[in-house]
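Subject: Structure handover

Hello,

I am passing a structure on to you. Please open it below, then read my notes.

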Amino acid sequence: MFALAVKNILFYKSRSITTFVLIFISTFFFIVYVALMDGAHSAILQNALKVYTGAIEIYKKGYREKGGNEYLIRDVKKIEDVLQNIKGINSYSARYESYGLLAYKDYSSGVMMVGIDPQKESRNSSLKEALSAGEYLSEQPNNCLYMGSNLAKRLHLQLHEETSFIGSASDDSFVAEIFKLCGEFTTGDYEFDSSAAFANRRYLDGVMLSENMASYIAIRVDKLSEVEMIQKEIEQKIESDKYEVVSWKTLMKSMVEAMKVDSIFGYISISLFFVVIFFVIMIFGFINVSARLHEFGVLRSIGLSRAEIRALLFWEIFILASSAVVLATPLGAYVAYYYSVHPIVIEGISQTYKEYGIVSDTINFSFNTFTIFWNVGVIYLLSFLSIVYPVHYVNKFTPLEAARHV
Amino acid sequence: MIKLENVEKYFYKGLEKEVHALKNINLEIKKGEYAVLSGPSGCGKTTLLNAIGVLDTIDSGKIYLDGREISALNEETKTRLRLEEIGFVFQAYNLVPVLTVAENIGFIMQLRAFSQEAIKERVHELAALLQIESKLNAMPATLSGGEQQRVAVARAVASKPKIVLADEPTANLDSKNSKALMDMMQKLNEKEGVSILFASHDAYVLESAKRVIELYDGAIVAS
Amino acid sequence: MYRLLLKLSFKNAFARLSRTLLVIVMIAVSMSMMLSIEGLYDGMTNSMVDRVKRSDCGEVSMYSKNYRTSRALKDNIANAQSIAQTLEKKKGVKSVVLRLQADGLGSTARKSAFSTIIGINLVAEEKFGGFSEFLKKGSMDISKNGVLVGSELAKKLKLKVSDKLVFSTQNLQGEITGMALRVRGIIQTNNVVLDRAALYVDTKRLHKLLGLSAQSATQIALRLEDEHLIELLKKRYADLDVKSLLELYPMIQQMQELMKIFNAITFFIVMLVVFIGIMGVMYVSILERIREFGIMRSIGMSYALLRRQIFAEALFVGLSGYVIGALIGYVVLYYLKVYGLDLSAFAEGLESFGYSSILHASIELHYFSATFLAIVAASLLSVVLPLRKIKHMSIVDATKVVI
């Protein structure tokens, strides 16, 4: 049957070429499209993650739901000692977050004032790399502020100028302090750059009475794929009745969900192409098969069974699909690989979509062999499905009916 | 009515496989004549019939229909000629499979924009003559070979052409149907006065013809 | 004669029923899917545009020259009331609202967040954009110390209806001031900028808090019947910053353009493949009947008539698929327009990006008209190649063809 299938493929050139080309285009397009979609989503999430959110964050239970000073972590050192010994953790940073008002001359704005250990934070997030003017915070406890560039713009604040802050301390008492703008950062996350300001932890602890306290501890891991494992380990080693350990998937739930929806729509759109292509492959297959009905009638008359006819037709589509897939897959995979290493840059896209948390102008492709394999699997499945009706049609006839068919 | 003067026809002219299909053909077919072109396979019967029916071109010589030269006309005029003045019956697959028998018979009249009443009347007249009245609403695939050929003949004469050219019309029929077909064609020739020229080597066709034109190797050897 | 031709075309088109039905099903299914996707995507974009218009800028908004960059109260439109009164009488203007806006800090006992307080007139907002439709929870009540909170801001501050919050900001004189507010309602506009930061209060109260004259506003937003008025307004109010919706939200323009490009590419590819499908079937159908065509030409049917018959056949197939596809597509679109696609399972994600969790489709005439033209074109073009084959074949050879 295999040899006969090959001969049939070579003889019925137009059907073979059309089917081959359609499967080739579908495979290539599917691999590249999914690589683009997955890559873009992953890049959006990872870039947003890099900015500030930790891969894992530790909160006192109740802080995320209710917030407020009573849900602060009050023994940061104890937790940090545990984290130090967990494999896979790259770095961690205890952050004290407080909200208040910054004012400068006629201008004011709400601010998320955060006390950080500059050195630890520089390993933990891309805050230091996001420096766009002035200097990053030093290890010296002083009243320097490292502020989001949009916030500085809003306040009309220039470098080295002073601004007043009012808020509340860890014991709910009123706090007022003068800070100096020493540096500005631009992460690309519009909301973050418009509302966040960082100060040296030790200096801010004095203002906020927050020694050994933190709103939460942000953790960076070596490999994102190990997040769940590390999360479990942390939960086992700290007082899990007191603290909750949350991964980025929960912290960035809305973004993750939005990417899922985008994927769904992406698949719906691409399925339209596949439906059309599937039908065309089926139609060409059907035409080819019905044109050979007489031939099949003769074959059945001389002793071939229905199962053998079925096998013949499946061999034909298998050979056509395989030859198309074998050529298209490396090509598609190469494109996916190339653009995963050399992402496409669309200037201005992050500025346009800043409200949506798009922080980078680059669009990465994702190169994942498992994904490529299941893409190819779908194409094979569609190819085989396309021949089901033609096979059913041809096997419907008795040998004599088929042999007499005009 | 049909006159051929020094007609020559080659296939693959100038090439090594050149075939001299028609050699200096001179022939006249009179109005109302019932004749057959006979000869062995490959002698040029079909080629001569196709040339007379302006289905195919000739390389030299002239063909006249009612005194008009028809061998050098353009394609559009030839098509009109075949529509209005020449009828054809082929060996097989004559009929339009998706039309009924009545629609097939009236096909040429429809193309010539005859009125529906005229078409209906003529169809019934011919169907009665050719004994296929009961099959008028049937589809061609349900008819026997003989019945199909009768329908083809009816269509060929429906719009009253000057001449009907029939190429091996009995080749796919058994002797009974061949005889029946020939009898009907004779009846048509007598009743309608339409000239009929066959190409055939069927013995019964040769017997029924009033004139036999013998061809051998592309030339007329007897008439 | 033409009736015969049409009859021939129709009968030949459906002579090989399975094959023809396959093509019709292909056209119908792909067309209805394409229309549904197009309608859904357009619906999403249109819904976003509509909500932005209704919740914020209308077709056009006016600000004082520096306001959009400075966001400072001193950059207000001092005579906003009189401008609004003039504009309300202008032909082509459906409604006008004045808004006063200030950035500051919204705080509860436990949390604070950057907020934008917006002073509104509920009656005017209702006329402007059906403001009450944005209410997610609670009631539309901003009397006394009532506030309506943007849904994402409410989530951030963990606010429920009846909760208290304090808003602090600087007034026109630069003094820190604030107001205590009681949450009366949660608003979801699906305008991400507003949902994440907006606190809606009574405009009179806000004017008093900020020390601004009741005549002034930071924004004049207009709903227009005729978008050509925008240019006129720009000229008339050259001393103000007059901006259309697309100028204020360039992202929307980009999205619309991206959507158009995407729909066009989808349309082209689907129609191309449909064309290939019809061509395949017609090609084979014609090749099978070459002998029949040869005989018809022999008996006097001109090539022109034959060509018309074959075109008509292709059209029958294409248009049958179109009619069924259009019917299915319309039914699906109608359902999606009225009931929408429920993606509540992804509500959090969608809402955070400014999309409703129930997506409604649009139905536009051009979906159907463009597809009609494309299918007619595809059907006619699909028989060009086979027709060329017949035209160049000699009649004699055609009658001898053995299939």
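I start with chain C. Its secondary structure comes to 17 helices and 12 strands. Please keep in mind that this is a predicted model.

Chain C overall

Chain C has 403 residues, and 48% of them are buried. The radius of gyration of chain C is 31 Å. A compact globule of 403 residues would be near 22 Å. The C-alpha trace of chain C spans about 100 × 45 × 30 Å along its principal axes. I also looked at contacts in chain C between residues at least 6 apart in sequence. Of these, 81% join residues at least 24 apart.

How the chains meet

There are 2 pairs of chains in contact, and chains A and C share the most contacts. Chain A and chain B are joined by no contact. The closest C-alpha atoms of chain A and chain B lie 11 Å apart.

Take chains A and C. Here 46 residues of chain A are in contact with 52 residues of chain C. On the chain A side, the elements that give two or more residues are strand 2 (89-104), strand 3, helix 6 (190-195) and helix 10 (253-291). Which of them gives the most? Helix 10 of chain A does, with 23 residues. By class, the side of chain A that touches chain C divides into 24 nonpolar, 13 polar and 9 charged residues.

Now chains B and C. In this pair, 17 residues of chain B are in contact with 17 residues of chain C. Helix 2 (75-84) and helix 4 (107-111) of chain B are the elements that give two or more residues to the chain B side. That side has 11 nonpolar, 4 polar and 2 charged residues.

The core

The largest nonpolar core has 302 residues. The members that touch the most other members are A:I217, A:V280, A:I283, C:I220 and C:V274. Helix 2 (residues 17-57) of chain C supplies the largest share of this core, 18 residues.

A:I283 is worth a look. Leaving out residues up to four places away in sequence, A:I283 touches C:L22, C:V23, C:M26, C:G277, C:G280 and C:V281.

Strand 8 of chain A

Strand 8 of chain A runs parallel to strand 3 (residues 107-116) of chain A, and 5 bridges join the two. Strand 5 (residues 144-148) of chain A runs antiparallel to strand 8 of chain A, with 3 bridges.

Chain B has an open sheet of 4 strands. The order is 2-1-4-5, with antiparallel pairing. Strand 2 (19-29) and strand 5 (68-69) of chain B are the edge strands, and each pairs on one side only. Strand 4 (residues 60-65) of chain B pairs with strand 5 of chain B over 2 bridges, in the antiparallel sense. B:L65 stands opposite B:R68 there.

Helix 1 (residues 45-52) of chain B lies across strand 1 (2-11), strand 2 and strand 4 of chain B. Helix 1 of chain B runs at about 60° to strand 2 of chain B.

Best wishes

Conventions: Residues are numbered from 1 along each chain as its sequence is written. Chains are lettered from A and ligands numbered from 1 in the order in which they are written. This is a predicted model: local features need pLDDT of at least 70, side-chain atom pairs count only at pLDDT 80 or more; totals for chains, interfaces and linings use all residues. Two strands pair if DSSP finds at least two bridges between them. The radius of gyration is taken over C-alpha atoms; the globule rule is 2.2 Å times the number of residues to the power 0.38. A residue is buried if 20 or more other C-beta atoms lie within 10 Å of its own, exposed if 12 or fewer, and partly exposed in between; C-beta atoms are placed from the backbone. Two residues are in contact if their C-beta atoms, placed from the backbone, lie within 7 Å. A nonpolar core is a set of buried Ala, Val, Leu, Ile, Met, Phe, Trp, Tyr and Cys residues joined through C-beta atoms within 7 Å. Axes are lines fitted to C-alpha atoms, for helices over the stretch in contact, and angles run from 0 to 180 degrees between N-to-C directions. Ala, Val, Leu, Ile, Met, Phe, Trp, Tyr, Cys and Pro count as nonpolar, Asp, Glu, Lys and Arg as charged, and the others, Gly among them, as polar.
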